[in-house]
Amino acid sequence: MTHKVFWDDPYQTRLMTTIARVEADRVWLAATIFYAFSGGQESDHGTIAGQPVLLAEKTGLDIAYSLPPEHGLQPGEQVEVVIDWPRRYRLMRLHFAAELTLETIYRDFPGVEKLGAHIAEDKARIDFALAEPITPHLAAISQQVQAIIDADLPIISAFSDPLQQRRYWEVA
Ligand SMILES: [Zn+2]
């Protein structure tokens, strides 16, 4: 299974690792810092051995990276993985802003149903099923979220279920 270094150090932008498996244009890595679309957050952009990653997708608990068909990489080969850091940092910040907003809305609207979420480089969106428009409440929600940010408390992030690789975050 791919060792997900992005959970040990989400700020790592380069990694030396080895190719674990190759299937046509798809490769799997022994270890990775390259996030694949999950939890509504878009995949990283970047390169493996200097070749552009065209698609990063979860395959079970592993991640497959699609490279140009002529990539020529072999299992066991040493490669460097580089991610587009400005993009990833935007995704991380917007993801956590969305998490804080989500938690605030869960508290303000008990029992509210979340339909989905999408975290992109330029914006993050969460969809809810509500009987009334949420617009009149946005200013108050925004204030609550900003108050948590301004408190600048440590963020704990860890596994709630290591086998299924499910994670949680906590701010006291
Ligand atoms: Zn999330």
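The legends below go with several close-up views of this predicted model.

Because this is a predicted model, local features need pLDDT of at least 70 and side-chain atom pairs count only at pLDDT 80 or more, while totals for chains, interfaces and linings use all residues. Residues are numbered from 1 along each chain as its sequence is written.

**View 1**
Let us begin with the overall picture. Helices (H or I, at least four residues) and strands (E, at least two) are DSSP runs, numbered from the N terminus. Along the principal axes, the C-alpha atoms fill a box of roughly 55 × 30 × 30 Å. Of the 172 residues, 17% are buried; a residue is called buried if 20 or more other C-beta atoms lie within 10 Å of its own, exposed if 12 or fewer, and partly exposed in between, with C-beta atoms placed from the backbone. Among contacts between residues at least 6 apart in sequence, 56% join residues at least 24 apart. Here, two residues are in contact if their C-beta atoms, placed from the backbone, lie within 7 Å.

**View 1. Where domain 1 meets domain 2.**
The protein is divided into domain 1 (3-83) and domain 2 (88-171), with bounds that come from an automatic or database domain assignment. Taken over C-alpha atoms, the domain centres are 27 Å apart. Domain 1 brings 7 residues to the contact and domain 2 brings 10 residues. On the domain 1 side, these are 3 nonpolar, 2 polar and 2 charged residues. For this count, Ala, Val, Leu, Ile, Met, Phe, Trp, Tyr, Cys and Pro are nonpolar, Asp, Glu, Lys and Arg are charged, and the others, Gly among them, are polar.

**View 2. An open sheet of 7 strands.**
Follow the strands in the order β6-β5-β9-β2-β3-β8-β7, with antiparallel pairing. Two strands pair if DSSP finds at least two bridges between them. At the edges are β6 (51-52) and β7, each of which pairs on one side only. Further in, β2 (residues 14-23) is joined to β9 by 5 bridges in an antiparallel arrangement, and T18 has Q78 of β9 as its bridge partner.

**View 3. Two hairpins, β2 with β3 and β7 with β8.**
Strands β2 and β3 run antiparallel and are joined by 4 bridges; R21 sits opposite W28 in β3. This hairpin has 2 residues between its strands, and A24 takes a positive phi near 55 degrees. Strands β7 (residues 55-59) and β8 (residues 62-66) are also an antiparallel pair, with 5 bridges, and here E57 faces A64 in β8. Again there are 2 residues between the strands, and G60 in the turn has a positive phi of about 65 degrees.

**View 4. The largest nonpolar core, with its 16 residues.**
A nonpolar core is a set of buried Ala, Val, Leu, Ile, Met, Phe, Trp, Tyr and Cys residues joined through C-beta atoms within 7 Å. The members that touch the most others are V27, F34, I48, V53, A56, Y65 and V81. Two or more residues come from each of β2, β3 (26-29), β8 and β9. Leaving out residues up to four places away in sequence, V81 touches R14, L15, T17, L29, T32, I33, F34, G46 and I48.

**View 5. Helix α2 and its buried residues.**
Helix α2 (residues 85-108) has 24 residues and spans 34 Å from its first C-alpha to its last, close to the 34 Å expected at 1.5 Å a residue; the expected span is 1.5 Å times one less than the number of residues. Its buried residues are R88, L91, L94 and A98, and they pack against β9 (78-83), β10 (113-119) and β11 (124-129). A second, separate core of 5 residues includes L91, L94, A98 and I119.

Beyond residues up to four places away in sequence, E80 touches R14, M16 and A49. Leaving aside neighbours within four places in sequence, D127 is in contact with L115, G116 and A117. The C-alpha atoms of D127 and V5, 122 residues apart along the chain, are separated by 30 Å.
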